Amino acid sequence: MGSLHEESSNGYHANNTNGKIITCKAAVLWGPKEAFKIEEVEVHPPQKTEVRIKIVCTTICHSDLGAWIAMNKEHRAFPRILGHEAAGIVESVGEGVLDLSEGDHVVPIFNGECGDCVYCKSSKTNLCERYRADPLRSVMIGDGKTRFFTKNGGQPIHHFLNISSFTEYTVLESACVVKINPKAPLEKMSLLGCGISTGLGAAWNTADVKKGSSVAVFGLGSVGLAVAKGARVRGASRIIGVDVNPEKFVNGRAMGVTEFVNPKNYETPVHEVIRKMTKGGVDFSFECAGNVDVLREAFLSTHDGWGLTVVLGIHVTPTTLPIHPMELLEGRRIVGSVFGDFKGKSQLPILADRCMDGEINLEGFITHQLPFAEINEAFKLLAEGKCLRCLLVL
């Protein structure tokens, strides 16, 4: 594990690394679809407004899978340390960081919140002018340099989505680090870094699902199931899960899905099936598959006059919306959602507390747990659709 630290009785390591380079293990990706290599890397100290944290656990999201495949060529930057769902402990802070201290329990967020820009001050968006999610960025914002280097030769290693959690230590902008209740179990809290927050927030914040609403969720991975859970908490009367993999229906039922539709079982388009089931269409549909054909079915499955479709799937560039402009005149609307429209720094701690109170069962999303060294097996499980979230323990 990472060097230069001495474990204390509370599980945190007494800090004698402040301002020093830390040598630790990381899963480095050297090229598209290559196996991750667990190797020693050097993690440099945090600079102004930055934070260095010790990653306790991390999970794999489909965005990591997409980056591993390098499905968008413009996003390619290698070697790279992927990962953006994690939880950890602050090891040291850089100059100007006032809201975080050594030993704080934290969840990194890929969509940062500075709190000062015109976006952060607006109640209409959760984007940040400077620290929003940017898959093209592979270096730190402050000086345009990396904080990761190979141990031998000192070759720079690129960052990913403001986080890079597939490493024992990482450096982030303080705007991308959320302090949570120290009593919260970090293993479960790691799920709030992306997928679960995105799904819950899409139902609560973006769509604002009301009691008695009808909902269709297209794609029953972690994000889709989190949408279903969020809709169930809000009191939706019907939650229709759509997926071609019937094995996902078991988890779907546990998360609140009331009915299931497998497109393979019908000769007619799914939107016609759902319209017939609901006498006109659902109030809300959520596209969680990253497929334009699925997006069109989700859009057409909503009720004319008031139906709303929320786009959550990650789509390959240069994909465009499969909708004719005149179709919008029938009253259906479509909107995208980033991180469930949660403002991370200010609102995620509240969500963490709600999970601790038992309102959301995060444990139900963790279907596998493996040692960090078995990260390649974890990616295989996700790629084959055999897991929701695989927890990697460092």
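Reader: How many bridges join strand β8 to β9, and do they run parallel or antiparallel?
Author: First, the ground rules. This is a predicted model, where local features need pLDDT of at least 70 and side-chain atom pairs count only at pLDDT 80 or more, while totals for chains, interfaces and linings use all residues. Residues are numbered from 1 along each chain as its sequence is written, and side-chain values use heavy atoms, leaving out hydrogens and water. Now the terms. Strands (E, at least two residues) and helices (H or I, at least four) are DSSP runs, numbered from the N terminus. Two strands pair if DSSP finds at least two bridges between them. Here, 2 bridges join β8 (residues 148–150) to β9, and the two run antiparallel. Phe-148 has Ile-157 in β9 as its bridge partner.

Reader: Which strands form the antiparallel sheet, and in what order?
Author: The order is β3-β4-β8-β9, in an open sheet of 4 strands. β3 and β9 (156–157) are at the edges with a single partner strand each, so one side of each has no neighbour in the sheet.

Reader: Which strands form the parallel sheet?
Author: This open sheet has 6 strands, in the order β14-β13-β12-β15-β16-β17. Its edge strands, β14 (259–261) and β17 (333–336), each pair on one side only. Neighbouring strands are turned by 20° against each other on average, direction ignored. Look at one pair: 4 bridges join β12 (residues 214–218) to β15 (residues 284–287). There, Ala-216 stands opposite Ser-285.

Reader: Which helices pack on this sheet?
Author: Look for contact, meaning heavy atoms within 4.5 Å. Helix α4 (residues 222–233) touches β12, β13 (238–242) and β15, and its direction makes about 170° with that of β12. Helix α6 (residues 270–278) touches β12, β13 and β14, at about 160° to the direction of β13.

Reader: Where is the cis peptide bond?
Author: Start with the general rule. Most peptide bonds are trans, and most residues other than glycine have a negative phi. The bond from Phe-78 to Pro-79 is cis, with omega near -5°. Pro-79 lies in the loop between α1 (62–69) and β6 (85–93).

Reader: Which residue has a positive phi although it is not a glycine?
Author: Lys-33, with a phi of about 65°. Find Lys-33 in the loop between β3 (22–28) and β4 (37–43).

Reader: What does the record place at residues 223–345?
Author: An unreviewed UniProt entry places "domain: Alcohol dehydrogenase-like C-terminal" there. UniProt positions follow the numbering used here, feature names are shortened, and annotations may be inferred rather than shown by experiment. Over residues 223–345, the chain is 31% helix and 16% strand, with the end C-alpha atoms 21 Å apart.

How values were computed: Axes fitted to C-alpha atoms, helices over the stretch in contact; angles between N-to-C directions.
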